Amino acid sequence: MSRPSRSPFESLGRRIAPWLLPIAVLLAWELSSRFGWLSTRVLPEPLAVVKAFWNLALSGEMGQHVATSTWRALSGFAIGGGLGLALGLLTGSLRSAETLLDSTLQMVRNIPTLALIPLVILWFGIEESAKLFLVSLGVFFPVYINTFHGIRSVDKGLIEMARSYGLSGWALYRHVILPGALPSILVGVRFSLGFMWVILIVAETISAQAGIGYMTMNAREFLQTDVVLVGILLYALLGKLADVLARALERWWLRWNPAYQVAA
């Protein structure tokens, strides 16, 4: 039975609804600044932030910082996410690998990333490698854990049925186990894509000479609150963009899954 089609007004309402709260916050923020309820040093009006954003964009300074931060984030994600995927597949597939590796990885996972900063500086200095290490470490564990649990949560009955049809070895792994684990793996990827920007904020405080974090910290020294807010908004926008891309990957790679077909 086909689902009843939504009216144009209902579809428009569903698209507008997520933006109502941000718009209301911006209006309250603007009015509070205009009436003097908020000091411009504490929180400049939205128009001042927009002007700072526009000036940084026109000068090309913002583009350079965004490009540098994006390179760091994606490089760290490729390293940490790739290792997390590989080790998650390994420990999820082989009990011997789980026995050998998982306990150690779980202990490392519980060490706060911020607590490692002094040690990371001693290991890597203040060069790019230190920042990449922190981002890689931050994104490693969400991908690893979700991959591990994705492999282990594949329906055993489905595996047995596939074996009864003659599938075994790599064919079984490719056509049954990996597709069954893919929703969980993509949850880890989606979480990591957002978390990598959080870690990057911390990483770019380590003597960076470029990047959004550097721009924000430099603006703080000169009490440029509007530029600080521009940096915060850039992190938020890039995080949202990463989440949109992750959801698009989910819809594409899981288009065979009825649950994602309904969601789409």
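1. The largest nonpolar core holds 50 residues, and among these Met-196, Trp-197 and Val-230 touch the most other members. A nonpolar core here is a set of buried Ala, Val, Leu, Ile, Met, Phe, Trp, Tyr and Cys residues joined through side-chain atoms within 4.5 Å, where buried means under 20% relative accessible area, exposed means over 50%, and partly exposed lies in between (1.4 Å probe, protein chains only). The elements that give two or more residues to this core are helix H2 (46-59), helix H3 (61-93), helix H5 (117-124), helix H6 (128-152), helix H7 (156-164), helix H8 (169-203), helix H9 (212-221) and helix H10 (225-253). H8 gives the most, with 13 residues.

2. On the source: this is a predicted model, in which local features need pLDDT of at least 70 and side-chain atom pairs count only at pLDDT 80 or more, whereas totals for chains, interfaces and linings use all residues. Residues are numbered from 1 along each chain as its sequence is written, and side-chain values use heavy atoms, with hydrogens and water left out.

3. Leaving aside neighbours within four places in sequence, Val-230 is in contact (heavy atoms within 4.5 Å) with Val-49, Ala-52, Phe-53, Leu-56, Met-62 and Met-215.

4. The secondary structure of the protein chain comes to 11 helices and 0 strands, both taken as DSSP runs numbered from the N terminus (helices H or I, at least four residues; strands E, at least two). The radius of gyration, taken over C-alpha atoms, is set against a globule rule of 2.2 Å times the number of residues to the power 0.38. For the protein chain the radius is 23 Å, well over the 18 Å that the rule gives for 264 residues, so the chain is more spread out than a compact globule. Along its principal axes, the C-alpha trace spans about 75 × 60 × 30 Å.

5. Of the 264 residues of the protein chain, 36% count as buried. Among the contacts with a separation of 6 or more, 71% come from residues 24 or more positions apart. The accessible surface comes to about 16,200 Å², of which 68% belongs to carbon and sulfur atoms; these areas come from the Shrake-Rupley method with a 1.4 Å probe, and for residues only the protein chains shown count as cover.

6. Gly-213 is found in helix H9 and counts as buried, at 5% relative accessibility. Not counting residues up to four places away in sequence, Gly-213 touches Glu-204 and Tyr-235. Gly-213 and Leu-200 are 13 residues apart in sequence, and their C-alpha atoms are 7.8 Å apart in space.

7. Leu-254 is found in the loop between H10 and helix H11 (258-263), and at 0% relative accessibility this residue counts as buried. The C-alpha atoms of Leu-254 and Ala-97, which are 157 residues apart along the chain, are separated by 28 Å.

8. Two further positions concern the accessible side of the model. Pro-18 lies in helix H1 (residues 8-34) and counts as exposed, at 54% relative accessibility; its C-alpha atom is separated by 28 Å from that of Ser-69, 51 residues apart along the chain. Arg-163 lies in helix H7 and is partly exposed, with a relative accessible area of 46%. Arg-163 and Ser-75 are 88 residues apart in sequence and 39 Å apart in space, C-alpha to C-alpha.
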